[in-house]
Amino acid sequence: MRTLLRKPAPTLDERLAALGEAADLAEGRLDGGVVERARAVVGRAGARAALSVDHTVAALAGATGSGKSSLLNALAGIDLAAVGVTRPTTAAAQAARWDPDGSGPLLDWLEVPRRHTVEGGDPALSGLVLLDLPDHDSIEVAHRLEVDRLVGVVDLLVWVLDPQKYADAAVHERYLRPLARHRDVTVVVLNQVDRLPDRAVRRCLDDLRGLLADDGLAGVPVLAVSARTGRGLPELRSLLAERVSRRQAWAARLAADVATAADDLAAALGPHPGDGPARGDTALTAPLTRALAEAAGVPTVVAAVARAHRHRSVAATGWPVTRWARRMRPDPLRRLRLDDGGRTSLPAVSSVQRSRVEIALREAGAGAAAGVPEPWARSVREAARVHEDELTDALDRAVSTTSLDASRPPRWWTLAGLLQKIFLVALVVGGLWLLALAVVGYLRLPDVPTPEVGAVPWPTLLLLGGALAGVLLALLSRGFARLGGRRRARRADRALRAAVAEVAERLVLRPAAAERDRYTEFADRVTTARAR
């Protein structure tokens with residue numbers, strides 16, 4: 001029987017680190033507000049963890065008339081908060097402390113100056129700091145901002161609803177639904193149930209649980225309470241005491257904040273991506289390399305290599321009597337300044353070639369971004385063109401520094417050149433010999449014996465044989481030079497296209513792949529941050 005080992009869930013510290021890394025990776029790629037909120041969670045976590053972990057800060061939050069202040073007084077056993085009837089009376093949050101020692105820095109961080117100590121309270125609530133918040137539906141903007149601020153940082157949220165407004169869209173859409181990840185640190189209290197018969201209370205509770213399930217908060221504790229009669233208060237005290245005794249509400253709150261921030265980062269990207277192109281995918285490299293090779297003048301250089309080989313072959317192996325004329329012509333490669341490794345003299349990029357490069361760059365960026373959701377895909381496409389202005393110089397350097405193997409002469413050139421010299425010497429010797437015989441005859445000197453090969457005198461054989469052999473060798477050498485030029489052109493084409501492909505990889509595909517890898521790392525960090 002095999003035992004399946006599951007990877008342990010990441011710790012809170014690991015999730016916080018992952019969230020911070022994800023925010024850094026997303027800088028400039030996602031909405032700045034989402035990124036800053038993620039960073040704020042990381043910063044807030046560090047600050048909260050450095051403060052008292054022996055205290056649990058719970059907040060009573062609710063609408064006008066829900067009875068938050070009455071509930072605070074009932075839990076504390078004394079009148080700490082003024083109770084309003086027709087208008088909100090809580091303008092700023094105030095705190096009730098069951099154990100004040102060590103809670104001061106925590107309340108300073110929360111910016112809650114109004115503090116009360118509950119003397120002789122329930123010892124089971126030792127370590128509880130209970131805040132009475134302003135009304136979230138107050139007509140005062142400052143009140144609503146104070147609620148938003150504290151709801152975002154307290155350890156435990158106690159939502160106080162009343163039978164008349166428990167279904168109000170304001171509390172569900174603005175607060176409860178966005179806090180769906182905070183089920184473990186959320187308690188819902190239906191206050192003022194003394195105003196309803198038991199059957200109506202049960203209906204309200206069932207309806208409220210359904211609304212909470214729609215908000216993503218299924219399973220959160222829902223208590224029926226009456227601050228006036230004391231109904232449900234023991235259950236609420238017991239629940240608060242149980243949460244306080246764990247000393248883990250602050251960590252659960254931070255874990256929920258991390259998950260929510262990671263959810264927001266993931267939501268900013270849209271659906272999960274599919275598989276993208278593999279590294280070195282010819283579907284990306286081949287079209288781009290072709291377009292860049294044309295723009296870099298590779299076909300022109302390849303043709304010049306073939307012509308230069310033929311030109312140099314004729315100059316080295318041609319008939320010596322006429323080869324000087326070949327040396328008067330410019331060398332095709334030297335004319336392009338490809339032998340000195342400097343800036344070439346290749347023709348400027350045409351509008352057609354430029355258009356093809358533009359299309360190839362666009363397609364390469366789109367291919368590299370395949371499967372990456374927007375807006376990160378846009379960053380991948382932009383990365384493919386980040387070095388666009390450098391391409392022209394980089395391609396020119398690649399062409400000028402690529403070894404074309406065109407300067408090394410074949411060995412047969414040396415042999416053919418030596419034979420041509422021998423044939424030329426034979427022609428000159430035969431010509432001079434015949435000239436000498438002509439002078440002797442002109443001066444009517446005694447005849448000089450002339451050796452013959454068959455019926456042909458040696459001088460004539462040397463003259464005609466040297467000329468004919470030199471011409472035939474020159475023609476034969478031209479044929480070999482044409483074949484050799486083609487071979488060298490093919491080798492040069494491969495070398496040049498490899499150099500162009502390296503430029504494409506370095507300036508186009510590699511930056512796009514790096515941006516895609518950045519996204520992959522971001523997605524991995526978000527997954528870790530969202531793990532529960």
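**Labels and their cut-offs**

Modeller: Gladly! Let us begin with R525, which is found in helix 18 (residues 458–530). This is a predicted model, where local features need pLDDT of at least 70, side-chain atom pairs count only at pLDDT 80 or more, and totals for chains, interfaces and linings use all residues. Residues are numbered from 1 along each chain as its sequence is written, and side-chain values use heavy atoms, with hydrogens and water left out.

Colleague: What makes a stretch a helix, and how many helices and strands does the protein chain have?

Modeller: Helices (H or I, at least four residues) and strands (E, at least two) are DSSP runs, numbered from the N terminus. By that count the protein chain comes to 18 helices and 9 strands.

Colleague: Which residues is R525 in contact with, leaving aside its neighbours within four places in sequence?

Modeller: Contact means heavy atoms within 4.5 Å. With those neighbours set aside, R525 is in contact with A18, E21, A22 and L25.

Colleague: How do you know whether helix 1 is roughly parallel or antiparallel to helix 18?

Modeller: Two packed helices are described by the angle between their axes and the distance between the axes. Axes are lines fitted to C-alpha atoms, for helices over the stretch in contact, and angles run from 0 to 180 degrees between N-to-C directions. The axes of helix 1 (residues 12–25) and helix 18 come within 8 Å and cross at roughly 150°. That makes helix 1 roughly antiparallel to helix 18, given that angles under 35 degrees count as roughly parallel, over 145 as roughly antiparallel, 65 to 115 as roughly perpendicular and the rest as oblique.

Colleague: And what is the hand of the crossing of helix 1 and helix 18?

Modeller: The crossing of helix 1 and helix 18 is left-handed. A crossing is left-handed if the near helix is turned anticlockwise from the far one by less than a right angle, and right-handed if clockwise.

Colleague: Which classes of residue make the contact of helix 1 with helix 18?

Modeller: That contact has 7 nonpolar, 1 polar and 8 charged residues. Ala, Val, Leu, Ile, Met, Phe, Trp, Tyr, Cys and Pro count as nonpolar, Asp, Glu, Lys and Arg as charged, and the others, Gly among them, as polar.

Colleague: What about helix 16 and helix 18: at what angle do their axes cross?

Modeller: The axes of helix 16 (residues 391–401) and helix 18 cross at roughly 150° and come within 9 Å. That makes helix 16 roughly antiparallel to helix 18. Helix 16 passes helix 18 in a right-handed crossing. By class, the contact of helix 16 with helix 18 has 11 nonpolar, no polar and 1 charged residues.

Colleague: How does the radius of gyration of the protein chain compare with that of a compact globule?

Modeller: The protein chain has 45 Å, whereas a compact globule of 532 residues would have a radius of gyration near 24 Å. The radius is taken over C-alpha atoms, and the globule rule is 2.2 Å times the number of residues to the power 0.38. The C-alpha trace spans about 160 × 50 × 45 Å along its principal axes.
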